[in-house]
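Hi,

Here is the structure I said I would pass on. Have a look at it first, and then read my notes below.

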Amino acid sequence: MVRGRDACWEHCVLVDATRQKVRCNYCLREFSGGVYRMKFHLAQIKNKDIVPCSEVPNDVRDQIQSILSTPKKQKAPKKQKVDRAINGQQNSSSASGGAHPNNQSGQNGSTCPSLSFPRSSRSAQPDMDDAQKQKCENADKKIAVFFFHNSIPFSAAKSIFYQEMVDSVAECGVGYMAPSYDKMRSSLLDKVKSDINDCYKKLRDEWRETGCTILCDCSDGQTTSLVVFSVTCPKGMVFLKSVDVSGHADDSHYLFEMLESVVLEVGVEHVVQVLTDGNASYVYAGRLLMSKYPSLFWTPCASNCINKILEDFSKQEWVSTVMEEASTITRFIYSHAWTINMMRKFTGGMELMRPKISRFVSNFLSLRAIVIQEDNLKHMFSHTEWLSSVYNRRPDAQALKPLLYSERFWKSAHEVVSVSEPLVKILRMVDGDMPAMGYIYEKMERAKTEIKAYYKGIEEKYVPIWGIIDRRWNMQLHSPLHAAAAFLNPSVFYGLNFKIDSRMRNGFQEAMLRMAKEDKDKSEITKEHPVYINAQGALSTEFAIMGRTLNGPGDWWVAYGYEIPTLQRAAMRILSQPCSSHWCRWNWSTFKSIHNNRRNKMEVEKFNDLVFVHCNLWLQAIFRSRDSKCKPINFDEIDVTSEWPTESESSNPLFDDSWLDNLPLEC
């Protein structure tokens, strides 16, 4: 049999023989095309749309890389293959090998944006003699000892800077002396900060074309209220600073002055929007900002608003009943290691819980997983292995049986999943790391249409849910910027299935009036507007028509909008902006340390420098690990079971501040 001959089958499983779909045993991604494409996934080699596995052990990765690099006509005898596999395992990095978290949250492959960090991988090692092998093993062990002794998280071995550091040391050769304690905390910190400021200057050049968004993230602390400011554009993101607003979180005028100072620091001419929380104090502060600076927009975080919609929906009595019943299932299963392993055996390794996502989204995704696994869960609780276990005799297990066979529960669960799915998809879209500004307006309308279609147009069914959506969307989230972005998105504007309503047209005109600073610009947009409406000139070519859906909306305007340059510039600036800041998970404990009053001015400045460097390197790692090209978003292909940005690791906290003691004046 083929499966018996190919070593790759030890690391994946066939889930659909008809489509030759296989699932990776480590990250649980699924690929069509059989075991051949899975090899590239396991070898961490990018090939077309294959995503490199971020969880594959190093020895497995090296083994598969060795198989791929061996010419087909020169296949070694079976015994030699076994020897090579053994040698590959011996040469694996013990430092990296110690950190293999079994991340089971991502359940399927996805074409939508993702923030998972691919592991920095070494190329397959050449054949080495025994002496060289011993040196490599000793180096691995020394690195591991350094990790263990200093309590460095194993996840640090997945950093994109990890292998770069090792390569740089190797290039120096024998005799290289590592930087000292004092050098690290003084001159080297200053040099890295200088490098980051150079990157900051390059991004400012990008802002002239694409504009930028100021992100204002607020902590939800009970005693300390902190705000983190960062600036983002399609080419990268920069952390600016954190501010302690304790005692002023409800003072709109204080918040306005704080937002204004950041806008002036970034440059009013660069800022397209300021994105904040949707609290009343920020709403008023945002309006004050727009009143004083007519060229920019204030918008609330879309992720926060859609979470509120899901929260309102979950408060419906029939929905809350189903959600609570579903939670009794997950609570019981996840309260015992044996039942978790039993569940994974019957679900094929799929998880029912996603604890690292916001509470309401996590609840809906858990219910969705339970609905998908309905037959497998029923099979599990009726299997002889379960019936003969001690857990079957527990009172809480006995209480689950009527629920698992309740027709009412499963009918309501399917309904909740079907109604919430379009909203969860939108949330996954705006939480991605790609600009979603051109899509949110149309997708909200599409979500309402899908909910209406599910209820077959019965008003008493869908109208209450529409009311929940409209209360949040119309009162909190909807902005002229969203309407203008939809109007300027060619996949939406020229689409056959979407009606351009008056609110979208009015939003476009309002946005253009704010962005056109001079009468000359307004005149040019007035002239160029019909060219876009009627798809004339370069916008009517075959490539432009194909590009409406094949290119990202911003890229489409760059490629085909050159005959209407004023409208092109406005479109590029609008469509390059995000709708949410939730894809970026700050570690708030780090910022709390900054605002500790126990340190003197010089120590606080140095600690601020370290936090500035740390946060910006973390952001650089995020942007370097993703595809820099902004792809179009296909709503039907958004996979809510794939890893969410909020599930990726946040920046590590900087608790130790002892290095601030007795700072050297120079080094």
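Let's start with a loop: Ser151 sits between helix H6 (130–149) and helix H7 (160–172). Helices here are DSSP runs of H or I with at least four residues, strands are runs of E with at least two, and both are numbered from the N terminus. Ser151 has a phi near 55°, a positive value in a residue other than glycine. For background, most residues other than glycine have a negative phi. Ser151 counts as exposed because its relative accessibility is 64%; exposed means over 50% relative accessible area, buried means under 20%, and partly exposed is in between (1.4 Å probe, protein chains only).

Lys456 also has a positive phi, near 55°. You'll find Lys456 in the loop between helix H20 (440–454) and helix H21 (459–477). With 72% relative accessibility, Lys456 counts as exposed.

Before going on, some housekeeping. This is a predicted model, in which local features need pLDDT of at least 70 and side-chain atom pairs count only at pLDDT 80 or more, while totals for chains, interfaces and linings use all residues. Residues are numbered from 1 along each chain as its sequence is written, and side-chain values use heavy atoms, with hydrogens and water left out.

The protein averages 83, and 83% of the residues score at least 70. Be careful with residues 73–124, where the pLDDT is below 50; this stretch still has 123 contacts in the model beyond near neighbours in sequence. A contact means heavy atoms within 4.5 Å.

Now the overall picture. The protein has 30 helices and 8 strands, and 50% of its 667 residues count as buried. Of the contacts with a separation of 6 or more, 71% are between residues 24 or more positions apart.

Ser314 counts as buried because its relative accessibility is 11%. Leaving aside residues up to four places away in sequence, Ser314 touches Val319, Ser320, Phe360 and Phe364.

Finally, some helix pairs. Axes are lines fitted to C-alpha atoms, for helices over the stretch in contact, and angles run from 0 to 180 degrees between N-to-C directions. Angles under 35 degrees count as roughly parallel, over 145 as roughly antiparallel, 65 to 115 as roughly perpendicular and the rest as oblique.

Helix H13 (residues 317–333) packs against helix H19 (residues 407–430) at about 110°, with the axes 10 Å apart, so H13 and H19 are roughly perpendicular. Among the residues making this contact are Trp318 and Ile329 of H13, and Arg408 and Phe409 of H19. By class, it has 9 nonpolar, 2 polar and 3 charged residues. (Ala, Val, Leu, Ile, Met, Phe, Trp, Tyr, Cys and Pro count as nonpolar, Asp, Glu, Lys and Arg as charged, and the others, Gly among them, as polar.)

Which way do H14 and H16 lie to each other? The axes of helix H14 (residues 337–347) and helix H16 (residues 374–382) come within 9 Å and cross at roughly 130°, so the two are oblique. Their contact includes Met342 and Phe346 of H14, and Leu377 and Met380 of H16. No charged residues take part: the contact has 5 nonpolar and 4 polar ones.

Enjoy exploring!

Technical notes
pLDDT is the predictor's confidence in each residue, from 0 to 100.
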